[in-house]
Amino acid sequence: MDQAEGLRRMQRPATKVITVASGKGGVGKTNVVANLAISLARSGHRVMVFDADLGLGNIDILLGLTPRFNISHVLSGEKSLEQVLVRGPQDIWVLPASSGVSSMAALDTRSQARLIDAVSSLAIPLDYLLVDCAAGIAGDVLTFSRAAQDLVVVLSNEPASVADAYALMKVLSRQYGLRRFHLLPNMVRDAREGRALFGKITGVADRYLDVSLDLVGSIPLDPALRAAVRAQRAVVESAPGSPSALAFAAVAERVRTWPVPKGPSGQLEFFMSQLLQTDPSAAAV
Ligand SMILES: Nc1ncnc2c1ncn2[C@@H]1O[C@H](COP(=O)(O)OP(=O)(O)OP(=O)(O)O)[C@@H](O)[C@H]1O
Ligand SMILES: [Mg+2]
């Protein structure tokens, strides 16, 4: 990177990188990312969604998009990142993942770092980059979780989901020193159930983990969301007055208050440097 490029990057507005993970599958990560992205874009922010469910990506399906190319074409060198990007509702950028390409689900750290580097070097100015993780606590989930400035852990009020959310936070805090987690209960009856769930997991985390947890809000179980998924639309678009859409809007409102780092560390390069700092094996890229 020459000096001019360095200066250009420094002049760019800071990008906030937020990763959404859960441990357990099917608890609503992709819906959270899609609806949060659209809500943030509606209030004038420039947003990109990075489908980091690399082998089973489906945010494009959720949004009714039919991209011709995806991240696997970037990693194979056939396409540049810019050629793979598609526009979604409210003009959000979507970086689609492949589906059914098993090698993508098991990317080595080197390829993960290459990918993150490519995203970091994008010339598109962004206010928010939202990263939709795969289920589980495999290497890629940990990579994308710790490379973000803020991590949202989605969970439902079921023992397995609570256990997996806890396990994810345990691994990230003990192995990588992550301390701050935003929790987002989904498919709850009401905000009260969300708060109770948050209280339950906080009680255990306070005893056994050195972490600080924050409740971002909660999303109710909502037939309108199911209907939106079937219609391949985000619920904030198809039913903006529905309980889940209103809850997503409130979450977006909250997210907007999170501080965006200033200066070079607020650039997208943060994504890459954070990874390199915490995983020496990735430095070989
Ligand atoms: N608040 C909600 N109300 C009703 N149904 C919901 C809600 N949230 C999620 N669902 C249902 O759960 C399904 C799974 O949601 P989603 O794909 O967002 O989960 P995920 O965590 O991304 O899954 P995966 O781990 O497979 O990536 C949705 O298709 C929808 O049917
Ligand atoms: Mg998903």
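Asn 35, Leu 36, Ser 39 and Leu 40 of α2 meet Phe 248, Ala 249, Val 251, Ala 252 and Val 255 of α13. Contact here means that the C-beta atoms of two residues, placed from the backbone, lie within 7 Å. This is a predicted model, in which local features need pLDDT of at least 70, side-chain atom pairs count only at pLDDT 80 or more, and totals for chains, interfaces and linings use all residues. Residues are numbered from 1 along each chain as its sequence is written, while chains are lettered from A and ligands numbered from 1 in the order in which they are written.

**Overall make-up**

- The protein has 14 helices and nine strands; these are DSSP runs numbered from the N terminus, with helices (H or I) of at least four residues and strands (E) of at least two.
- Of the 285 residues in the protein, 45% are buried. A residue is buried if 20 or more other C-beta atoms lie within 10 Å of its own, exposed if 12 or fewer, and partly exposed in between, with C-beta atoms placed from the backbone.
- Among contacts between residues at least 6 apart in sequence, 78% join residues at least 24 apart.

**α2 and α13**

- Two packed helices are described by the angle between their axes and the distance between the axes.
- α2 and α13 (residues 243-255) pack at an angle of about 65 degrees, with their axes 9 Å apart. That makes α2 roughly perpendicular to α13.
- Axes are lines fitted to C-alpha atoms, for helices over the stretch in contact, and angles run from 0 to 180 degrees between N-to-C directions.
- Angles under 35 degrees count as roughly parallel, over 145 as roughly antiparallel, 65 to 115 as roughly perpendicular and the rest as oblique.
- The crossing of α2 and α13 is right-handed; a crossing is right-handed if the near helix is turned clockwise from the far one by less than a right angle, and left-handed if anticlockwise.
- The residues of the contact of α2 with α13 divide into seven nonpolar, two polar and no charged. Ala, Val, Leu, Ile, Met, Phe, Trp, Tyr, Cys and Pro count as nonpolar, Asp, Glu, Lys and Arg as charged, and the others, Gly among them, as polar.

**α9 and its two partners**

- The axes of α9 (residues 159-176) and α10 (residues 191-208) come within 11 Å and cross at roughly 40 degrees, so the two helices are oblique to each other.
- Val 162, Ala 165, Tyr 166 and Met 169 of α9 make this contact with Lys 200, Ile 201, Val 204 and Ala 205 of α10. The residues of the contact divide into seven nonpolar, no polar and one charged.
- The axes of α8 (residues 139-147) and α9 come within 11 Å and cross at roughly 70 degrees, so α8 and α9 are roughly perpendicular.
- Leu 142, Ser 145 and Arg 146 of α8 are in contact with Val 171, Leu 172 and Tyr 176 of α9.

**Around ligand 1**

- Of the 19 residues around ligand 1, Gly 25, Lys 29, Thr 30, Asn 31 and Ala 135 come nearest. A residue is near a molecule or strand if its C-beta atom, placed from the backbone, lies within 6 Å of it.
- The elements giving two or more residues to this shell are α2 (29-42), β7 (180-188) and α11 (223-230).
- The shell residues divide into seven nonpolar, eight polar and four charged.

**Positive phi in two loops**

- Gln 90 has a positive phi near 55 degrees although it is not glycine. Gln 90 lies in the loop between β3 (86-87) and β4 (93-95) and is partly exposed, with 18 other C-beta atoms within 10 Å.
- Gln 232 also has a positive phi, of about 55 degrees. Gln 232 is in the loop between α11 and α12 (235-238).
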